[in-house]
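The following paragraphs are meant to be read beside the coordinates, with a viewer open. They begin with the pockets, move on to the strands and a helix, and end with the chain as a whole.

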Amino acid sequence: MTDSAPGRLTISRATLDDWQVVSGWAADEGWNPGLRDGPSFFAQDPDGFFLGRIDGEPVSAISVVNYSEVYAFLGFYLVRPDLRGHGHGIATWRTALAHAGRRTVGLDGVVAQQDNYRRSGFELAHRTIRYVGSVPGDATRSARILPVEAAGLRAITAYDAASYPADRPRFLESWLTAPGHRALARIVDGRVTGYGVLRPAQGALRIGPLFADTRADAEELFDALTADAGGAPVIIDVPETQPHAVALAETRGMKPTFPTARMYTGPVRELAEERVFGVTTLELG
């Protein structure tokens, strides 16, 4: 942590209450985080959230969440608009990034920051495209789609681990059961062939993750998750390198909005990229 004189930047770890302010900043930037994301984010790594303050007032933020001994994810890199250009962001960045140690760090970078990330050692893996659309929500729900409780946390965690660069049971235990989150699995002969989560955001519903063996599996999950959407806007962040995921979003009438870049500082373990029809969040990967 850093200490400074009055009028100077002080960087320290943030609390969950602090993070409500940062989530508001993220919403102002158009990222539209879920309304109840914070507790699940902090459940994974409560020491991974940082705030820069001047005279006690928050001015900058970043999260560097450790998932394992070899992998971390960076998000929420923000500086209050009226105080940009003074070095507060990079100072907060350097303090927070030390939390990852020697781990490979991932992020989903906005276009304006991608050159800065490259200079910090991040390399492009693929682009992610945010799709938004009003979904009718009147599809017939397949009998193979059940609440995730029918599969059990262990089975969902194992399925998730094959589709993500780290095991994340603490995060999932909170994410799957958070208030307002709708978590469904596709189960065939006792085996999980996909799962997804729908959660409320500001004026919209967000899907993430959406992991599935095939496009048909993903479509059944998508339709079940949005069955009660009632025409509300739905948001999903789709890897551009997954053509079946792009096709699913487009056939549901969704339109691309803005891109981000998934970038890493080093190698990540092999994962079933073809299963990723929607990333979990842009903030925690």
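In this predicted model, the lining of the second largest pocket is made up of 11 nonpolar, six polar and three charged residues. The space in this second largest pocket comes to about 290 Å³. Its lining comprises 20 residues, and H126, R262, L271, E273 and V276 are the closest to the centre of the pocket. Two strands, β6 (123-134) and β12 (255-264), each contribute at least two residues to that lining.

The largest pocket holds about 600 Å³ of space. Its lining counts 30 residues, and those that lie nearest its centre are Y77, L78, V110, Q113 and Y117. Two or more lining residues come from each of β4, α3 (88-97), β5 (104-110) and α4 (114-119), and β4 provides the largest share, with six residues. By class, the lining of the largest pocket divides into 14 nonpolar, 11 polar and five charged residues.

Most residues other than glycine have a negative phi, and most peptide bonds are trans. Against that background, F76 has a phi near 55°, a positive value in a residue that is not glycine. Is F76 buried or exposed? With a relative accessible area of 3%, F76 is buried, because the cut-off for that class is a value under 20%. F73 also belongs to strand β4, and at 0% relative accessibility F73 counts as buried. Between F73 and F222 there are 149 residues in sequence and 26 Å in space, taken from C-alpha to C-alpha.

A positive phi is found at D55 too, where the value is about 50° although the residue is not a glycine. D55 sits in the loop between β2 (49-54) and β3 (57-66), and its relative accessibility of 58% makes it exposed, since that class begins over 50%. Another backbone feature to inspect is the peptide bond from G208 to P209, which is cis, with omega near 0°. P209 is part of strand β10, residues 204-212.

From here the reader can turn to strand β8, residues 182-188, which is mostly covered, with five of its seven residues buried. Which strands pair with β8? Strand β7 (residues 145-147) pairs with β8 in the antiparallel sense over three bridges, and in this pairing L146 stands opposite A185 of β8. Strand β9 (residues 191-201) likewise pairs with β8 in the antiparallel sense, over seven bridges, and here the bridge partner of R182 is L198 in β9. The strands β8 and β9 form a hairpin with two residues between them, and D189, which lies in the turn, has a positive phi of about 50°.

An α-helix has 3.6 residues a turn, so residues three or four places apart point the same way.

Of its 285 residues, 56% are buried. Among the contacts between residues at least 6 apart in sequence, 74% join residues that are at least 24 apart. The C-alpha trace spans about 65 × 35 × 30 Å along its principal axes. A compact globule of 285 residues would have a radius of gyration near 19 Å, and the chain, at 19 Å, agrees with that expectation.

Methods. Residues numbered from 1 in each chain as written. Predicted model: local features only at pLDDT ≥ 70, side-chain atom pairs only at ≥ 80, totals over all residues. Heavy atoms only, no water. Buried < 20%, exposed > 50% of the residue type's maximum accessible area, 1.4 Å probe, protein only. Helix = DSSP H or I, 4+ residues; strand = E, 2+ residues; numbered from the N terminus. Pairing = 2+ DSSP bridges. 1 Å grid on protein atoms, 1.4 Å probe; cavity = no way out; pocket = protein on both sides within 12 Å on 5 of 7 lines; lining within 4 Å. Points joined across faces, edges and corners; volume = space filled by probe spheres on them. Nonpolar A, V, L, I, M, F, W, Y, C, P; charged D, E, K, R; others polar. Rg over C-alpha atoms; globule rule 2.2 N^0.38 Å. Contact = heavy atoms within 4.5 Å.
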